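Please have a look at the sequence and the structure first.

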Amino acid sequence: MTPTLKLAQITAWSFSRLADYQKCPLLAKFKHVDRLKEPANVYMEKGTRVHEDAALYVQAKVQAPVLPIALTRFKEEFIQLRREHPICEQQWAFDRQWLSCSWFGPEAWLRIVMDAHYLKTVKQKTQRRTSVVVIDYKTGKLHPEHEQQRSLYALGAMLMYPDAEEVAVQHWYLDAGELQASVFPAAALEGLKTLWWMDTKKMLADTVFKPTP
């Protein structure tokens, strides 16, 4: 008896993986199913270098580290970020029940890399309000889809910090010197789950990967 050929599918997702699929399903198959490596280019190398420089600066143990040139448009913001002692370059993974799991585990269904984030607690009379502040660094131009990406960062932060009352997500456009931000209340969690489930279900069910010309 001839064994049934297993159809190729994307079984886990991230924002970048979904962006590839929306650009061209066949491109996503080549990259994320067939594991064909994309040739390196100066833009990718620059982005990697700038992210590494930012993490090293905000976590530097010396009292007054030198701010890399690529970060100087956000000098005051980086100085303040250092004072918050953020967690940098953390990898979050979640299974299909939205529960935290191992990044490399077979149950990992959603993966999010956080450039930097920290908890902020404000005392109001007899109460304390805790929020999560998420920072994502961008090189290059502003893109409208980054607003959607901020909602995914907020979803991840709500899952990791269920007691937080809100999540503030910021995109720092290091080349342009511009900042875009969105704030999400904790009550938005279920809506965000539904939104992202709907946005990804086509990709996760696809076995054809029809190319987009």
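Let me begin with a definition: a residue is called buried under 20% relative accessible area, exposed over 50%, and partly exposed in between, using a 1.4 Å probe and protein chains only. What you see is a predicted model, in which local features need pLDDT of at least 70 and side-chain atom pairs count only at pLDDT 80 or more, while totals for chains, interfaces and linings use all residues. Residues are numbered from 1 along each chain as its sequence is written, and side-chain values use heavy atoms, with hydrogens and water left out.

In one of them, the side chains of Asp20 and Lys31 meet at 2.9 Å, N to O. This pair links distant parts of the chain, 11 residues apart, with Asp20 in helix α1 and Lys31 in helix α2, helices here being DSSP runs of H or I with at least four residues, numbered from the N terminus. Lys31 also forms a salt bridge with Glu38, whose closest N and O atoms are 3.2 Å apart.

A further salt bridge joins Asp136 and Lys138, at 3.3 Å between the closest N and O atoms, and both of these residues are buried. Through shared partners, Asp20, Lys31 and Glu38 are joined into one network.

Key:
Salt bridge = Lys/Arg side-chain N within 4 Å of Asp/Glu carboxyl O. Helix = DSSP H or I, 4+ residues; strand = E, 2+ residues; numbered from the N terminus.
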